[in-house]
Structure formats: C-alpha cells, structure tokens
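Student: I would like a close look at one part of this model, the place where the ligand sits. Please take it in one connected answer.

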Amino acid sequence: MTEKVSASDIRASFSSAMSAMYRDEVPAYGTLMELVARVNEEALASDPELKSRLEATDNLSRLSEERHGAIRLGTAAELAMMRRVFAVMGMYPVGYYDLSTAAVPVHSTAFRPVGEEALKRNPFRVFTSLLRLDLIADEILRQEAQAILAERQIFTPGAVAMTEKAEREGGLSEEDATRFVSEVLETFRWHDKANVELSMYHRLHDAHRLIADVVSFKGPHINHLTPRTLDIDKVQTLMPEYGIAPKAVVEGPPTRKCPILLRQTSFKALEEAVSFQDGKGGWHAGTHTARFGEIEQRGVALTPKGRALYDKLLDHTRKIVRPAADGSNAAAYETALAETFKAFPDDWASIRCQGLGYFTYALTGKAERAAPASFDLDTLIAEGIICFDPIVYEDFLPVSAAGIFQSNLGDGAQQEFEASPNQKRFETDLGAQVLNEFDHYASIEKASLEACLNGLQKRPAAE
Ligand code: OOG
Ligand code: NI
C-alpha cells in the first residue's frame, strides 16, 4: 500500500496554492502580504518577550503561513459536498453564524483544523456561507435563482473522484493529493464569464448584491484571503502608503495591551470586468464587484463569561455610536469603543483569574527541582512553577463578519431582514453538526493543565 499524505499536509499545500492563485488574481493581496510581513517583523523585533512566548508555544512559525478565506455557496448540496472536500484536508465545521440580523441573507460556519497539533501545523480556515433564498421576498425571483443554481456544478469530476477515493481509502497518496489540490482549487477560481444574462444579473442585484454574487457565476470564487498581523493598527495606518484604501473602522475590540478575540479590517472590493450572456450565444461586457482584501489580528479565546462581557460592551458601544458605512463618525466610534472597553481587564493575570479567557499551562524550569508543597493552581503560578499562555481565538465574530460583508456590499440603503437564526436547518443542509468552539478551547486548556499536574506528581518529593 502506498503511504498516505496527512490531512494537515494536504491543507498546507492547498492553502499555499490558494494564496498563489489569489495573488495572481488580485495583486493588491500580494501588496498586503508584503506590508503584513514587514509589520510582523517589526512587532517581533520590538517585543522580544512576545517573540519568545510565540516560540515557546510553537506559534511563531505558523504566523507567516496563516490566512483565512471566504466563499458563499448557493445550495444545500454544495454545502454538503464542500464539507466532504474540506474533511480530506482536516478541516471541520466549527461554530454557527447567523447574519440575517445584520441585513445579510446568509448563515455560515468556519471550516478549520481542530486540535492543537493540526492548528500549529497549519491553521488555514474558510468562512463558508450558504445563501438564504428563503429571506428573499420576491417568490418568482427566488424560484428563478433556485433553477439557475440547480444547473451548475461547482466541483470538477476530478475533485469529486479524489474526495470519494480519500473517503474510501482513508486518505490520499502523494500523487492523488497533488491532483486533489489542483482539482479543488478550480472551485475557488474566479470566472469572468457569468452564468446569466445582464438583465437577470440586475434583477438579482436589485434583490440583494450578495444574491447576484452567488447566483450569477459558475462557482463560489474565493472573495478574500486574510493574512494575520501582530499589529493591526499599524497595518491600518500604513495601508494608504501602500496604495490601499482601508475601510473606516477596525472591527472587533479596541486596541489593547492584551489582545482578545479578533480585530479585522479590509479594503474595498474591486470592480472587475465580467461578460454576461446576451441570450444569442454571444457576450455582453459588464462589471461586478466581489473580491476584496482583509487583515486580522488574533487575541485570546474568551470563555462564555468573557464572551458575554465582550458582547455586552460592544452592544453598549454601538448604542452610543453606530459606525456609519461612509466612515463619517469613525473617530467618535473609536473613542466610545475604547472608553466602554475599560471595563474589560487588560492584563493576562486578571483575564485568567476572572475566568474570562482560555489559557494553556506549562511547567517552568523551577518545577525540575522538586515536587511542590501544594497542587493548587494559583499557588503554583504564584510560586513560578507553572506558567500560562493565552490560547489563540481561531474563530470569527458575527458582528465583525457583518461589518466586513457590509463594507463590501456598498454604502447604499441597507435592507432589513427578520432575525431568523436557523442552526438546525443549516446542519441538515451541511449533513453534520457544527462543533462548539467553546468546548474545543476548554478541552485544550484542560489537557495542558492535566499534563502539568501529571508532570509534577512524577517529581521527587521536596527535602
Ligand atoms: C465573509 C465575511 C466574513 C470574516 O472574516 O469575518 C469574514 C464574506 O464576505 O463572504 O470573512
Ligand atoms: Ni474574512
């Protein structure tokens, strides 16, 4: 039997192939990558402590490789097949995001690696949305959109065959893995020839820009690819210097000493040339805006208690100042955000003690000498026998995601939808349940703590 390539290795090749393709398709992404690499280098040089903790926790090398992408799917069958394809790369659906409350007719999950080892190897994630035609009021248009979607096949026969083979044989050989990566990449590729005529595109677009983006094309082109930075404020400030116009405000928590969750900013979608069918076998020139760039800074994963505090403070801020799409009140929003978030402790010890964040624990050199007198965690930390590091938040935030969607859907009038989260329906369409992100972080924390305590118990007793 030929040796199988690990799912993590397939994911790493895929992520790198996707990055090369997107850099080719959207040159501004390449520019952004250069800027992020520069800022990360500077951040590490000016903070040796941060660098050594990232090294000690094996989180340094993944940084330059790290990115997430996003796609929008049209049907339940597409979502179910996507789940099987991602599983071959060791990516599983984590979390449920309802965006109907934010005037975006989709619900979503993030496909990503699960477990510490896989995340360290390569944390590539894809924010994956399913269009909710049920939120479209116009019944006739809804049926037409459904009929158009039913016709398309977003996976190549090779991608389907390789996925089935991996499922059957429990993995892929080197040669098959290479084929799998190049076949699956086709699903994410940009197509400049639309599936529809211009008049249909306009009708879909008038119902919602997102519907036009999903229904009018052959496949779910990757719409952005996001590198991770250690200093998002600096990248935001430098973007214009690099010829890139950032959106008005950074989504998520304010600037802090101890980063929490996720901060994101993006640059506007590009207007791209597209040909529409003219109904007579020819083509009609037009444009479509879909693809953009984004950067993110990741902080500590919060416990349900920490997340509730984050949600409360964000909600409170947005009641004081609601960020306008045109950026006119950006400064006022940032001031309100910083002020409100003073209620969220900003040192690692308090975040840990108050049970707001998840951490991994490790024995320090001091533990080598003798078994401690007490096995109480706080005492062990106070005595410098155990140290702790924040666990990186690997997921997304619904309010931020809505802000990213909105900034790329134009600043025009926003449509309101009834809030209608429907996780059950999403999971039925997906063909699986989504994992709960909190459980996942809690289990990583627990395992690290148990390993410490086991290690200590093996030490010779103190004299
Ligand atoms: C996805 C937007 C959400 C994020 O980072 O929160 C997202 C999309 O525009 O399809 O990528
Ligand atoms: Ni994103």
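Student: How do the residues of the shell around ligand 1 divide into nonpolar, polar and charged?

Tutor: This is a predicted model. The shell residues around ligand 1 fall into six nonpolar, four polar and two charged. By name, ligand 1 is surrounded by H68, A70, R72, F127, N223, H224, Q264, F292, E294, F396, A401 and F405. Two elements, β2 (67–73) and α17 (398–407), each supply at least two residues of this shell. The biggest contribution is that of β2, with three residues.

Some of the polar contacts can be given with distances. A polar side-chain atom of R72 is 2.7 Å from an oxygen atom of ligand 1. For H68, an N or O atom of the side chain lies 3.0 Å from a ligand 1 oxygen. The side chain of N223 likewise has an N or O atom 3.0 Å from an oxygen atom of ligand 1. On its own, ligand 1 has 320 Å² of accessible area, and the protein covers 100% of it.

Now the space itself. The count comes to three cavities of 30 Å³ or more, and the largest of the cavities is the space taken by ligand 1. This largest cavity holds about 120 Å³ of space. It is lined by 15 residues, of which A70, F127, H224, I404 and F405 are the closest to its centre. The lining divides into eight nonpolar, five polar and two charged residues. At least two lining residues come from each of β2, β5 (125–131) and α17. Here too β2 gives the most, with four residues.

Conventions
Residues are numbered from 1 along each chain as its sequence is written. Chains are lettered from A and ligands numbered from 1 in the order in which they are written. This is a predicted model: local features need pLDDT of at least 70, side-chain atom pairs count only at pLDDT 80 or more; totals for chains, interfaces and linings use all residues. Side-chain values use heavy atoms; hydrogens and water are left out. A residue is near a molecule or strand if one of its heavy atoms lies within 4 Å of it. A polar contact is a pair of N or O atoms within 3.5 Å; within protein, one must be able to donate a hydrogen and the other to accept it, and residues adjacent in sequence count only if both atoms are side-chain atoms. Accessible areas come from the Shrake-Rupley method with a 1.4 Å probe; for residues, only the protein chains shown count as cover. On a 1 Å grid over the protein atoms alone, a cavity is a set of points where a 1.4 Å probe fits but cannot get out, and a pocket is an open set with protein on both sides within 12 Å along at least five of seven lines; lining residues have an atom within 4 Å of a point. A molecule sits in a cavity or pocket if more than half of its atoms lie within 2 Å of its grid points. Ala, Val, Leu, Ile, Met, Phe, Trp, Tyr, Cys and Pro count as nonpolar, Asp, Glu, Lys and Arg as charged, and the others, Gly among them, as polar. Grid points are joined across faces, edges and corners, and a volume is the space filled by probe spheres set on the points.
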